[in-house]
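Subject: Structure handover

Hello,

Here is the structure for you to look over. My notes on what turned up follow below.

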Amino acid sequence: MGIVGNLTPQQRQSFDSQGFLVIESFASPAEIEAMRKRMDGMLQAFDPTTTASIFSTKNQVKLTSEYFYESAEKISFFFEEKAFDDNGNLKQPKELSINKVGHALHEIDPVFKEFSCSEKVSSLLFSLGYKKPVIIQSMYIFKELYLTYNVSSYLSLQLIGSLKQPGIGGEVTPHQDNSFLYTEPKTCTGLWLALEDATVVNGCLWAIPESQKNGLVRRFIRGDDGVYFDRPSPSYDQKDFVPIEVKSGSLVVIHGDLIHQSFENQSSNSRHAYSLHAVDTDGCKWAEDNWIRRKVEPKPLYASGQT
């Protein structure tokens, strides 16, 4: 039996056509348990009073800080926008208030590094045509449920179908990964690993099939005064998006130009995921105005048998 990451011609054709591909059972139950257990330990050791940096894809210019920039080479914790009350206090325990942890888990932590640099991940990237792939960014995404609602509000939600169950597992607005991690030529690919079942109710990915064929619509640039998009976001018809519901252990491979998003977690179930982004270093130039201001330094991944 071949390496899990080796794509068949049919899988490669589907990816090239649709812009995304689901590989079931990519991670083993043991790998998932190891990553979740490790992250639980990190959370227990994390002191939330040390920072209140909040991650947001809606207003990154206002909320970005040096903490965000420095996270490119560290393991940093980012809170949900709705995690704090008007007095700046957490509404819930820290375990239910974190949006994500990033962006160098793959480089620093041995558990996440073992999976990120595994033969099956490198084999997958080589199957996609990479020559010298590098993992440039990693994120552990929580998309937690919200527990503190009372009986009266719950009954109101049952009666008024247009309202959502309260949640702090924030939405991620429509975007393309190449916007944030730009190379010339473009080479970014997203690898989104479900650590729990992902459904339309608890915040699975949604994508517009074949949208990668229309190219990159805008870039996320870091200038002297902060980070910003170089042009407004296009309008998207939500009817064009399809849900990507997957089981725990499944990997979603995402083309860098694919339009994709996720919505708030409206369920009583969390939706943990581990996300990697890779670029090629062979004949490709890392854009100096990317939010990560560094050369693509991490050691490239190699195919089986190479050194």
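Two strands count as paired if DSSP finds at least two bridges between them. The model is predicted.

β5 pairs with β13 (residues 260-262) over 2 bridges, in the antiparallel sense. There, His175 stands opposite His260 of β13.

**Confidence**

The average pLDDT of the protein chain is 84, and 81% of the residues score at least 70. Residues 53-57 have a pLDDT below 50; this stretch still has 22 contacts in the model beyond near neighbours in sequence. Residues 146-169 also stay under 50. For them the model has 34 contacts beyond four places in sequence.

**Cores**

The largest nonpolar core has 38 residues. Phe115, Leu125, Val253 and Tyr274 have the most contacts inside it. Helix α2 (residues 29-45) gives the most to this core, with 5 residues. Another core lies apart from it, with 19 residues, including Met139 and Leu258. Back to Leu125: leaving aside neighbours within four places in sequence, its contacts are Tyr130, Pro133, Ile135, Leu191, Ala278 and Leu301.

**Salt bridges**

The structure holds 10 salt bridges. Here are some of them.

- Arg12 and Asp16: the closest N and O atoms are 3.1 Å apart. Both residues lie in helix α1 (residues 9-18), 4 residues apart, about one turn of the helix. Arg12 is partly exposed at 28% relative accessibility, and Asp16 is partly exposed at 40%.
- Lys120 and Glu31: their side chains meet at 2.7 Å, N to O. The pair links distant parts of the chain, with Lys120 in helix α7 (residues 119-127) and Glu31 in helix α2, 89 residues apart. Lys120 has a relative accessible area of 13%, so it is buried, the cut-off being under 20%. Glu31, at 24%, is partly exposed.
- Asp289 and Arg219: the closest N and O atoms are 2.7 Å apart. Asp289 lies in the segment after β15 (285-286) and Arg219 in the loop between β8 (205-207) and β9 (220-223), so the pair ties together parts that are 70 residues apart in sequence. Asp289 is partly exposed at 25% relative accessibility, whereas Arg219 is buried at 12%.

Best regards

Methods. Residues numbered from 1 in each chain as written. Predicted model: local features only at pLDDT ≥ 70, side-chain atom pairs only at ≥ 80, totals over all residues. Heavy atoms only, no water. pLDDT = per-residue confidence, 0-100. Contact = heavy atoms within 4.5 Å. Core = buried A, V, L, I, M, F, W, Y, C linked by side-chain atoms within 4.5 Å. Buried < 20%, exposed > 50% of the residue type's maximum accessible area, 1.4 Å probe, protein only. Salt bridge = Lys/Arg side-chain N within 4 Å of Asp/Glu carboxyl O.
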